[in-house]
Amino acid sequence: MIESLLVANRGEIARRIIRTAKRLGIRAIAVYSEADADLPFVAEADEAVLIGPPNPAQSYRNVEAILAAAKATGAQAIHPGYGFLSENAEFARTVESSGLIWVGPGADAITAMGDKINARNLMAAAGVPVAPGTTDPAADLDAAVTAAAEIGYPVMVKAAAGGGGMGMGVAVDEAALRTEYGKVRAFAERMFGDGSVLIERYFPRVRHVEVQILGLADGRVVALGERECSVQRRNQKLVEESPSPAVSPELRSRLLAAAVRAGEAVGYRNAGTVECLLDPTSGEFFFLEMNTRLQVEHPVTEYVYGVDLVEEQLRVASGLAPTFDPDALTPRGHAIELRINAEDPKRFLPGPGVIRTWVEPTGAGVRVDSGYIEGNTVTPFYDSLLAKLIISGATRDEVLERAKAAVAAFQIEGPKNNVPFFAELLENDEFLSGTYDTGIVSRMR
């Protein structure tokens, strides 16, 4: 097993990784920016290194500073968490060429799945269903118009190099396409340094379902069930649950088999997620993208399958067998995760500030993965995620009742936060029935 681990991230995910590393007897090393010096993950690490000012480009995305910290502390491996450099193939290559262990998929797999068009084409060749769309970037507006006419409106205009719900627009007709194409292309060039755009069929009423995969050290790829991720704002997830209320045993079998084929097609190792769009009426599903990293929502899978995914990541990176029997994976119970963000509960606009009160809920089936404690300052430099409230139980109904009590008990004063939104959601008939789709938040607003 790896003996020392540098966590190249911050907040709740750094704290989460540090917790597992220390349980396994691994020396946990944190890196932090000037803005994060007082956060819990810094204090909880065995060692912590200041790597730069608040700007992520000068700290958490600063490859030279991170590698210098690894060298100075004698780190044996680097875990990138999610976001920042986690899906940067060049960073993964640099880590390994520096003689360090990269706790994640290989750089080639990251590259292969990082471009949405290339990923779609690879998946289609592997027999994974993909939505109707372009097989090459729409080189200009005329090409986009031609493609959309062939696919049929409405269409999704997507940045090929995008991720995290960013760089997407919906066009219901040619006039809208002409506007959205220019907006998405400009955004993609500015944010990702790549203006490539793909055109894909848009499904107005659809569910977002993903499959957790794990590429083992022996070369096998296994699937650890699916997660429902349809409660979203601005194409970004707010709630995830496992198993999905929309997935039957027969559909689950097809979903998981397709996800395993997706991983095998790129020789996948370590943790990853195959994201799909699901038509709940027909039972058809289509490959959306693959996230070549640990997901924010991994705890719901951990509860349902009884595994610590961070531990499994570390075991794969160390060349060790998993703690579970890959041929006997059995889901049990239900779990839901609510993303507690520093944003107002109506328009979901960021609301940083000093946390004056922070009281986490407790009780049976309640887990809180938080990045902050009372007295910390939520700054505007990073993602608005404050904590993840994870609720588990024997049945979905039990989990929903526990979630209502936990949300009512979660007290946060200072920064704006979306806890009131979750109280509203947990009284929503559409959500409670499990029949919701990706439009549920917009219908609530």
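In strand 14, Glu240 has Glu337 as its bridge partner. This is a predicted model, in which local features need pLDDT of at least 70, side-chain atom pairs count only at pLDDT 80 or more, and totals for chains, interfaces and linings use all residues. Residues are numbered from 1 along each chain as its sequence is written, and side-chain values use heavy atoms, with hydrogens and water left out.

Strand 11 and strand 14 run antiparallel and share four bridges. Two strands count as paired if DSSP finds at least two bridges between them. Strands themselves are DSSP runs of E with at least two residues, helices are runs of H or I with at least four, and both are numbered from the N terminus.

Strand 14 covers residues 334-341. Eight of its eight residues are buried, so the strand is largely enclosed by the rest of the structure. Buried means under 20% relative accessible area, exposed means over 50%, and partly exposed lies in between, with a 1.4 Å probe and protein chains only. In a regular strand the side chains alternate between the two faces of the sheet. Here His334, Ile336, Leu338 and Ile340 point one way. Ala335, Glu337, Arg339 and Asn341 point the other way. Both sets are buried. Strand 14 also pairs with strand 19 (residues 385-393), antiparallel, over eight bridges. Leu338 stands opposite Leu389 in that pairing.

Now step back along the chain to strand 10. What share of strand 10 is buried? The count is 13 of the 13 residues, spanning 221-233, so strand 10 is largely enclosed by the rest of the structure. Strand 10 pairs with strand 9 (residues 207-215) in the antiparallel sense, over six bridges. The two form a hairpin with five residues between them. In that turn, Gly219 has a positive phi of about 100 degrees. Strand 10 also pairs with strand 11 (residues 236-242), again antiparallel, over four bridges. Gln232 stands opposite Lys237 in strand 11. This second hairpin has two residues between its strands, and Arg234 in the turn takes a positive phi of about 55 degrees.

Ile213 stands opposite Ala223. At 12% relative accessibility, Ala223 counts as buried. Leaving aside residues up to four places away in sequence, Ala223 touches Val211, Gln212, Ile213, Leu256, Val260 and Leu329. A contact means heavy atoms within 4.5 Å. The C-alpha atoms of Ala223 and Val274 are 9.7 Å apart, with 51 residues of separation along the chain.

Two helices come next. Arg254 lies in helix 9 (residues 249-265). Is Arg254 buried or partly exposed? At 35% relative accessibility, Arg254 counts as partly exposed. Arg254 touches Gly283 and Phe285, again not counting residues up to four places away in sequence. Helix 10 (residues 298-305) has seven of its eight residues buried, so helix 10 is largely enclosed by the rest of the structure. The buried residues are His298, Pro299, Val300, Thr301, Glu302, Val304 and Tyr305. Just after helix 10, Gly306 takes a positive phi of about 65 degrees.

Five strands form an open sheet in the order 3-2-1-4-5. Its edge strands are strand 3 (47-52) and strand 5 (101-102), each pairing on one side only. Strand 1 (residues 4-7) pairs with strand 4 (residues 77-79) in the parallel sense over three bridges. Val7 has His79 as its bridge partner in strand 4.

Finally, the whole chain. The secondary structure comes to 15 helices and 20 strands. The C-alpha trace spans about 60 × 50 × 45 Å along its principal axes. With 445 residues, a compact globule would have a radius of gyration near 22 Å, and the chain agrees at 21 Å. That radius is taken over C-alpha atoms, and the globule rule is 2.2 Å times the number of residues to the power 0.38. Of the 445 residues, 57% count as buried. Residues 24 or more positions apart account for 65% of the contacts with a separation of 6 or more.
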